[in-house]
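I opened this model to look up two things. My notes cover the charged pairs first, then the ligand site.

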Amino acid sequence: MTASQRKKLIEVALPLDEINAACKADKDRKTGTIRNLHKWFAPMPLPAWRALLFAALVDDPEDDEQRARLLDVIKRLVVNGADLPDEETLREARGLIAAQFPSGVPTVMDPFCGGGSTLIEAQRLGLTSYGSDINPVPALISRTISEVLPAVHGAQPLHPEVSGVGRELQADLGLGLTQRASTGYEGLTRDVLHYGDIVKEGARRRLASIYPAQDGEELVAWTWARTAHCPNPACGAETILTSSWWLSRKKGELAWIEWDVTGRDISLRVVSNSANGEAPPSPKIGDGVFACLVCNATLDSKYLRSQGMQERLGYRMTGVITTQNVKGKKVRVYRTANPDDVAAALVERDPGESSIPIDPKGQGIRVGGYGMQEWADLYTPRQRLAMRTFADEVARVHGQVIEDGGTAEYAAAVSSLLALGLGKMAQYGSTQAMIATFTTSSTFFNSAFGRSDVPITWDFFEQYFFGEVGGAWSQLLKTAVRAFRLLPGTATGRVALADARTSSPGTGVLVATDPPYFDAIGYADLSDYFYEWHRGALKDILPDLFQTAATPKSGELTALPGKHGGNKTAAKNYFINGFTETFQNLQRVSAPDLPLIVVYASKEQGGRDEQSRWASILTAMIDADLEITGTWPIHGTSSTRKRGMESNAVATYVVMICRPRPKSAKATSLTDFNRALRRELPRAVHDFQAAGILPVDLAQAAMGPGMQAYSRYSAVQDQEGHAVGVEQALRLINAALSEVLDEQQGELDPYSRFAVAWWEKHEWGIAAFGEADQLARPQGISVDDLIRAGVAHYPRPGNVQVLGAGDLDRAWLPSVDMQATAWEAVHHLADRLIDGGGVVEAGRLLGRLGDLRDAAQALVYRLHEIAVVKGRIKDQERYNALIGSWSDLLAISATEKEGLF
Ligand SMILES: C[S@@+](CC[C@H](N)C(=O)[O-])C[C@H]1O[C@@H](n2cnc3c(N)ncnc32)[C@H](O)[C@@H]1O
């Protein structure tokens with residue numbers, strides 16, 4: 001960045017705790033989110049973009065008080081978690097942005113726009129949005145929400161009466177009950193439900209004969225399991241490959257499948273609504289390995305794969321899920337499948353139907369190994385027929401809307417939403433959908449893509465689409481329209497199908513994006529699952545998105561070795577070159593005074609692969625002459641407030657802020673780079689710690705200032721004049737970080753210094769007195785001093801052990817300890833937080849630490865670092881949990897001081 005450029009707030013400060021909490025709430029929210037409109041992979045939580053965009057647009061005021069005021073605006077923008085901020089705060093934020101750009105606010109561009117989270121939040125802040133994606137599926141989703149829907153915001157419904165939606169649901173959906181004019185998306189909601197009903201009734205008429213129900217029951221779903229012939233020549237039975245016989249584990253409503261063998265035939269019987277009993281053990285004996293129910297022979301995964309390749313895997317109906325009226329109450333009843341149920345399900349597959357081929361080497365696609373070659377193979381014939389019938393009916397809707405007097409824009413909005421509904425339906429409509437049973441709740445209907453992959457499923461459910469439960473059509477539409485409340489309404493946006501290397505909305509934009517994360521997700525391969533349904537309904541309405549028979553596979557900026565003949569290096573180079581070109585393009589369209597915001601997802605902690613993922617994106621940035629002016633770790637999924645096992649997860653996203661490197665930037669030597677690191681890192685680390693960044697995130701956070709030092713030079717050269725690459729720079733940054741933490745250790749009291757060194761070597765174990773004596777003397781203390789200070793004890797004569805794990809005195813307070821130490825403070829805090837009293841007790845103690853507080857905080861980071869290096873997972877989690885709760889503890893300690901306890 002040039003000296004004359006003003007820093008943006010995002011380059012100086014962010015209220016991370018509040019942003020993290022809001023992201024967590026957003027991710028935890030299951031209904032009423034834009035994700036309910038359609039599945040897309042790796043969505044960013046909306047509050048994160050709201051905060052980041054605001055902070056990227058307003059200048060840092062270079063004044064603590066004024067900065068605090070801006071940070072407070074951000075806190076209020078995200079304070080409601082998954083819900084929207086109040087109108088007043090939004091107005092204030094929009095006003096501040098407008099004041100920052102007197103000659104017009106910039107357009108926000110996301111060239112990897114995916115499901116459109118950036119675009120929605122840009123619009124919410126009063127900005128025009130431009131999104132592009134190389135893949136038609138996300139382009140459709142984001143175009144629908146940011147371009148197609150705003151164009152019909154406020155439109156009156158063609159069919160104000162919504163059939164099938166009771167008063168209660170109308171109120172729930174925000175639909176006015178009176179005859180007044182519709183506002184917002186009320187009209188559209190009514191019409192989507194209206195045309196959705198027409199689709200359903202049309203499909204019902206055509207499919208009635210294949211869905212027989214018994215008197216008095218409402219169908220919900222059928223359960224199925226795959227079958228294979230036993231390889232034992234003496235047996236050969238068609239055995240059932242299920243991973244569980246349970247249908248419901250809910251207390252008091254237990255249901256399961258019993259099986260019996262007569263000769264080589266297996267019969268099934270469902271037990272339902274039982275107060276006790278349990279399902280038989282499943283025949284699954286390993287991952288993709290089963291025992292034959294008849295002779296107990298093993299069907300291993302190699303055998304099952306080869307059976308699949310020969311099209312010899314079958315499936316069998318194992319039960320029927322219904323709801324029935326029992327004593328005036330609707331209850332779920334599981335019953336045995338009868339011959340009529342089975343016969344009706346066995347429709348013929350249309351031999352003329354062509355479907356999109358599956359790439360068996362596609363990332364996360366594991367069904368290819370079992371002989372599934374086309375996406376149609378993922379459906380039973382009846383599932384497929386149902387999907388195709390609904391798709392036919394949706395395709396008619398556009399014409400109907402026009403006939404009913406709707407404009408082309410309005411018809412496109414209704415059709416796009418119903419086509420997205422088809423995509424949602426497909427998630428419940430294939431053999432990828434599985435039930436999940438719980439002891440505390442009714443059985444769940446899980447749709448495809450719980451993870452970003454297509455695994456082989458051994459048992460699955462078949463949804464009855466005309467009902468009201470799980471993935472039934474009407475249910476999906478009602479859930480989808482609930483998301484409208486999160487859309488900004490009147491707004492201007494455009495979404496194009498374009499490659500980020502060349503995408504351009506003009507110039508002077510703010511680029512904010514969340515690009516693909518190296519090799520994590522094969523977007524193009526997975527998206528064909530949805531594409532065939534979208535295309536069928538919309539190819540004449542949105543022709544630019546649906547020109548090709550399948551989603552375009554070339555150009556995707558991922559590093560998938562499968563796309564490069566299995567060559568990892570070629571995949572990595574493709575990724576780096578593609579991103580270098582992309583970042584060059586993005587600099588051309590960016591406003592000169594605005595940074596580029598790149599959010600990069602982060603998966604695991606450490607490891608060579610992770611280093612290489614990070615080095616790849618950073619290398620592209622450096623090669624494209626970008627300077628990194630900051631990084632922020634954001635927890636999108638696991639709350640910073642979680643304790644125990646999950647508390648050690650690394651940040652889900654790292655936000656990188658970049659600026660074009662000034663042309664005047666010079667090369668520097670390795671020595672000078674190292675010097676710069678040692679000069680700049682301690683301050684930055686101190687600030688991160690003060691901001692409560694989790695120890696587990698510290699290495700990634702330190703990458704920011706480290707890369708800042710690296711990227712401001714045109715090159716860093718070693719003694720032979722060779723350029724030092726990003727991977728080496730990352731290693732140097734890590735080394736410098738360790739030194740900073742070491743130095744912080746040097747500032748500790750001598751007792752704690754001893755304890756750290758001892759613990760590093762012996763963990764919580766016992767070692768000889770002589771060794772302890774040798775280690776204590778250089779600190780100017782004796783072993784007896786350590787014992788008196790309560791830092792160590794003699795577990796048996798001649799041996800020493802540091803204290804901190806296990807029984808600690810919960811009455812300990814520094815004020816009553818003659819020699820209180822940072823070591824004790826840390827371990828008493830962790831003990832109270834995790835093992836006794838929780839945040840309240842730990843917060844009270846923090847409030848009484850006085851001068852020890854900062855030293856204790858720095859010590860936790862140091863101990864966490866040692867635990868990582870030594871692979872001490874349990875300790876890592878404890879220290880991480882302590883920092884994760886630090887702000888809660890501070891809040892409690894402040895209340896304590898105010899005398900409220
Ligand atoms: C991590 S996702 C974006 C998620 C998005 N931020 C959201 O909240 O839904 C990355 C996106 O990059 C897209 N993509 C991959 N290669 C691309 C390219 N060369 N040009 C444009 N988009 C691309 C993928 O299709 C995918 O939608």
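I began with R810, which forms a salt bridge with D831. The closest N and O atoms are 2.7 Å apart. The pair links distant parts of the chain, 21 residues apart. I found R810 in the loop between β25 (799–802) and α23 (822–835), and D831 in helix α23. Helices (H or I, at least four residues) and strands (E, at least two) are DSSP runs, numbered from the N terminus. By salt bridge I mean a side-chain nitrogen of Lys or Arg within 4 Å of a carboxyl oxygen of Asp or Glu.

I noted the ground rules next. This is a predicted model, where local features need pLDDT of at least 70 and side-chain atom pairs count only at pLDDT 80 or more, while totals for chains, interfaces and linings use all residues. Residues are numbered from 1 along each chain as its sequence is written, and side-chain values use heavy atoms, with hydrogens and water left out.

R810 is partly exposed, at a relative accessible area of 42%. D831 is buried, at 2%. My cut-offs: buried is under 20% relative accessible area, exposed is over 50%, and partly exposed is in between (1.4 Å probe, protein chains only).

R35 is partly exposed at 25%, whereas D26 is buried at 2%.

My next pair was R388 and D350, a salt bridge at 3.2 Å between the closest N and O atoms. R388 sits in helix α11 (residues 381–403), and D350 in the loop between α10 (339–345) and α11, 38 residues apart. R388 is partly exposed at 31%, and D350 is partly exposed at 36%. Both belong to a network of salt bridges that also links E353, R384 and E532. I logged the count of salt bridges as 56.

I turned to the ligand. How many residues surround the ligand? I got 25, the closest being M44, G115, S117, D133 and A500. A residue counts if one of its heavy atoms lies within 4 Å. The shell divides into 15 nonpolar, five polar and five charged residues.

An oxygen atom of the ligand is 2.6 Å from a side-chain N or O atom of S117. For D133, the side-chain distance to a ligand oxygen is 2.7 Å. At A500, a backbone N or O atom lies 2.9 Å from a ligand nitrogen. The protein covers 99% of the 600 Å² of accessible area that the ligand has on its own (Shrake-Rupley method, 1.4 Å probe).

Terms used. Polar contact = N/O pair within 3.5 Å; in protein donor to acceptor, adjacent residues only side chain to side chain. Nonpolar A, V, L, I, M, F, W, Y, C, P; charged D, E, K, R; others polar.
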